[in-house]
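The structure goes in first, and my entries follow it.

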Amino acid sequence: MPKIWFVGAGPGDPELLTLKAQRLIKQADAILFAGSLVSKTAMTWASECCDIQDSKGMTLKQICDWLINKAKTNATVIRLQTGDPSLYGALIEMIQPLDKAGIDVAVVPGVTSAMASAAAAVETLSLPEVTQTVIFSRVEGRTPMPEGESLEDLARHHCTLCLYLSITLLKKIQTALIAAGWAEEATILVVHKASWPGEEQIIRGTLSNIREKCKQAGINSQAMIIASPTLGARNWTELAKSKLYDASFAHRFRKAEKS
Ligand code: SAH
């Protein structure tokens with residue numbers, strides 16, 4: 001029975017693909033990869049007879065037709081996507097036509113760029129007594145935001161915001177966060193091409209100067225924007241420690257120490 005695998009290729013560094021993704025690429029008969037964001041190195045693991053195609057210039061219909069066509073004659077067909085397939089990856093739009101065609105599908109998760117960006121900058125997205133919530137979102141561009149999900153609404157939570165697809169919309173981010181009560185000096189992190197060997201750029205700024213800093217660095221695509229009250233915590237002197245590692249805190253695997 002042929003199967004089409006939607007595989008997360010991770011944020012860019014080929015070492016951040018999962019072992020499962022690597023195994024599937026090695027055994028694939030056909031791979032359709034998102035050429036603008038997926039490292040070509042992953043394709044070198046494919047067998048010599050594997051049919052490899054870049055989807056950069058293709059429409060959604062062309063993508064689905066290609067996958068369906070390959071699944072007619074091949075056992076293992078891969079749609080290789082950047083980061084994790086469940087985030088901003090048109091996953092369901094691709095899967096519905098395959099369901100209609102009666103083709104079996106499966107999804108392999110990947111490291112999403114928000115995680116790779118936090119790692120690049122040695123930041124945590126959650127911190128005890130600071131924020132325990134992370135929102136993955138984007139700023140309204142050509143895709144309208146559903147009711148209640150404007151950036152200003154989301155920013156009112158003052159939790160961690162990881163903003164995809166929004167690097168050209170920094171002005172809107174400034175306006176929304178300030179309207180939601182964030183300080184102009186609030187730290188903002190931008191990571192361009194997180195994890196890409198030799199290409200990663202980390203820009204730290206404030207709400208008021210991050211746009212100018214990104215402009216100076218020439219960053220206008222493939223960038224993650226993180227706004228969070230946790231940013232810079234590595235250098236804080238006062239830190240509310242996680243209960244999990246607190247010597248006086250007992251849990252399933254450890255008894256509390258007597259103080
Ligand atoms: N499914 C992907 C997101 C696809 S949308 C994921 O899980 O990461 C594309 C957006 O993802 C880009 O506009 C950018 O905001 C972000 N992105 C993808 N790769 C990135 C990387 N290596 N570094 C920073 N941001 C990246």
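**The largest pocket**

I began with the largest pocket, which holds about 920 Å³ of space. I keep in mind throughout that I am reading a predicted model. I then looked up its lining and found 38 residues, of which Leu37, Thr82, Leu87, Tyr88 and Leu165 are the closest to the pocket's centre. Which elements give two or more residues to this lining? I found helix H2 (60-73), strand S4 (76-81), helix H3 (91-100), H4 and S10. Sorting the lining by class, I noted 19 nonpolar, 14 polar and 5 charged residues. I also checked the domains, and the lining takes at least three residues from each of domain 1 (3-108) and domain 2 (113-235).

**The two domains**

The domain assignment gives domain 1 (3-108) and domain 2 (113-235), and I read off 29 Å between their centres, taken over C-alpha atoms. Their contact takes 10 residues from domain 1 and 12 residues from domain 2. I reminded myself that the size of an interface is often given as the accessible area lost when the parts come together. Here the two domains bury about 850 Å² between them, with 71% of it on carbon and sulfur atoms. On the side of domain 1, Pro11, Leu87 and Tyr88 supply 58% of the area buried against domain 2, more than any other three residues. Leu87 and Tyr88 were already in my notes, being among the residues closest to the centre of the largest pocket.

**Glutamine 81**

Next I turned to glutamine 81, which has its place in strand S4. Is glutamine 81 buried or exposed? I count glutamine 81 as buried because its relative accessible area is 5%, and the cut-off for buried is under 20%. Leaving out residues up to four places away in sequence, I listed what glutamine 81 touches: Phe6, Val7, Gly8, Ala9, Gly10, Val38, Gly89, Leu91 and Met94.

In helix H4 (residues 113-120), I found Ala114, Ala116, Ser117 and Ala118 to be buried. Their cover includes strand S6 (134-138), strand S7 (160-164), strand S8 (187-192) and strand S10 (223-227). After H4 comes valine 122, which has a positive phi near 50°.

For helix H6 (residues 170-179), the buried residues I wrote down are Leu170, Ile173, Gln174, Ala176 and Leu177. I recalled that an α-helix has 3.6 residues a turn, so residues three or four places apart point the same way. The cover over the buried residues of H6 includes helix H5 (151-155), S7, S8, helix H7 (210-217) and S10. Just after H6, I noted that glycine 181 takes a positive phi of about 100°.

Definitions and conventions:
Residues numbered from 1 in each chain as written. Predicted model: local features only at pLDDT ≥ 70, side-chain atom pairs only at ≥ 80, totals over all residues. Heavy atoms only, no water. Buried < 20%, exposed > 50% of the residue type's maximum accessible area, 1.4 Å probe, protein only. Helix = DSSP H or I, 4+ residues; strand = E, 2+ residues; numbered from the N terminus. Contact = heavy atoms within 4.5 Å. 1 Å grid on protein atoms, 1.4 Å probe; cavity = no way out; pocket = protein on both sides within 12 Å on 5 of 7 lines; lining within 4 Å. Points joined across faces, edges and corners; volume = space filled by probe spheres on them. Nonpolar A, V, L, I, M, F, W, Y, C, P; charged D, E, K, R; others polar. Domains from an automatic or database assignment. Buried area = accessible area lost by both parts, 1.4 Å probe.
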